[in-house]
Amino acid sequence: MTEKTVTPTVNSAGYDVPPELRQSVAITTLDKIWNMGRRYSVWPMMFGLACCAIEMICTAASRYDLARFGMEVMRPSPRQSDLMIVSGTVTKKMIPQIVRLYNQMPEPKYVMAMGACASGGGPFKEGYNVVSGVDQYIPVDVYVPGCPPTPQALLHGLMKLQEKIDRESITKVRWYQKDEIPAIPVPILGPDIIDPRDNAAIREMASRKAAPAAPAAQPETAEAPAA
């Protein structure tokens, strides 16, 4: 009769759990517990821009059941949201409001570009009134391709966001650092959209154009010898 050997259980933290405590004690890391709570309690902000918003509404309906991810609570206020789903075409008239809403969201916050228009301009990329990608003004965490993407694609993007949350560490994320997180300057809508972060380059270009041109050097002519 051979004696049965029990192999020790090593958890994710690298510690051995005694056999008599395996049913009542579990050891893990603080990052894993913290991220597990956050990944199932993401609150998207309730707003849409164009046809992609219809697919987002469909994802929240009963057929696809967004509630199984803990994300069915779409908040009408940026103060209570931590996920901005940019669903639709981003025009130059709308980008100042999007940046302002992003600045009002508390940390931690994430941005998802849903559809080809929000990701890179889509079929309106060369249009006079369309921004060629919302990532030119605010940081984007997940891109969902499609025109428009299906509800399954949006669910896949939300799962990718959950995977990103799982990889985050409390000691490295930006919202737990000592330095203050600066707000993104709100673009100015004039004859065209102006990013305040480009003010230095705009002033340099304007001063270069306003500088008077140097007079052209006249060719020297030799004097005729006296008779």
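This report walks through a predicted model of a protein, from its overall layout to its helices, cores and surface.

## The big picture

The protein has 227 residues, and buried ones make up 32% of them. You'll find 6 helices and 7 strands. Follow the chain along its sequence and the pattern reads β-β-α-α-β-α-β-α-β-α-β-β-α.

What about contacts along the chain? Take those between residues at least 6 apart in sequence: 72% of them join residues at least 24 apart.

Let's start with helix α2, which covers residues 52–59. Its buried residues are C52, A53, M56 and T59. They sit on the same side of α2, because they cover an arc of only 110° around the axis. As background, an α-helix has 3.6 residues a turn, so residues three or four places apart point the same way. Over on the other side of α2, I54 and I57 are exposed. And what do the buried residues of α2 pack against? Their partners are β3 (83–87), β4 (110–114) and α5 (151–166).

## The nonpolar cores

The largest nonpolar core holds 22 residues, and the ones touching the most other members are L66, L83, M112 and L158. Which elements give two or more residues to this core? They are α2, β3, β4, β5 (142–144) and α5. The largest share, 5 residues, comes from α5.

L83 is worth a look in the viewer. Setting aside its neighbours within four places in sequence, L83 is in contact with V42, W43, P44, M45, M105, Y110, V111, M112, L158 and L161. Two of the names there, M112 and L158, are also on the list of core residues that touch the most other members.

There is also a second, separate core, made of 20 residues. Among them are F47, V86, V99 and A118.

## Out on the surface

The accessible surface of the protein comes to about 14,800 Å², and 58% of that belongs to carbon and sulfur atoms. One nonpolar surface patch, of about 200 Å², is made by L21, V25 and I27.

With a relative accessible area of 36%, V25 counts as partly exposed.

How values were computed: Residues are numbered from 1 along each chain as its sequence is written. This is a predicted model: local features need pLDDT of at least 70, side-chain atom pairs count only at pLDDT 80 or more; totals for chains, interfaces and linings use all residues. Side-chain values use heavy atoms; hydrogens and water are left out. Buried means under 20% relative accessible area, exposed over 50%, partly exposed in between (1.4 Å probe, protein chains only). Helices (H or I, at least four residues) and strands (E, at least two) are DSSP runs, numbered from the N terminus. The arc is that of the directions from the helix axis to the C-beta atoms. Contact means heavy atoms within 4.5 Å. Patches are made of residues with over 30% relative accessible area and no salt bridge: like charges are joined within 9 Å, nonpolar side chains (Val, Leu, Ile, Met, Phe, Trp, Tyr) within 5 Å. Accessible areas come from the Shrake-Rupley method with a 1.4 Å probe; for residues, only the protein chains shown count as cover. A salt bridge is a side-chain nitrogen of Lys or Arg within 4 Å of a carboxyl oxygen of Asp or Glu. A nonpolar core is a set of buried Ala, Val, Leu, Ile, Met, Phe, Trp, Tyr and Cys residues joined through side-chain atoms within 4.5 Å.
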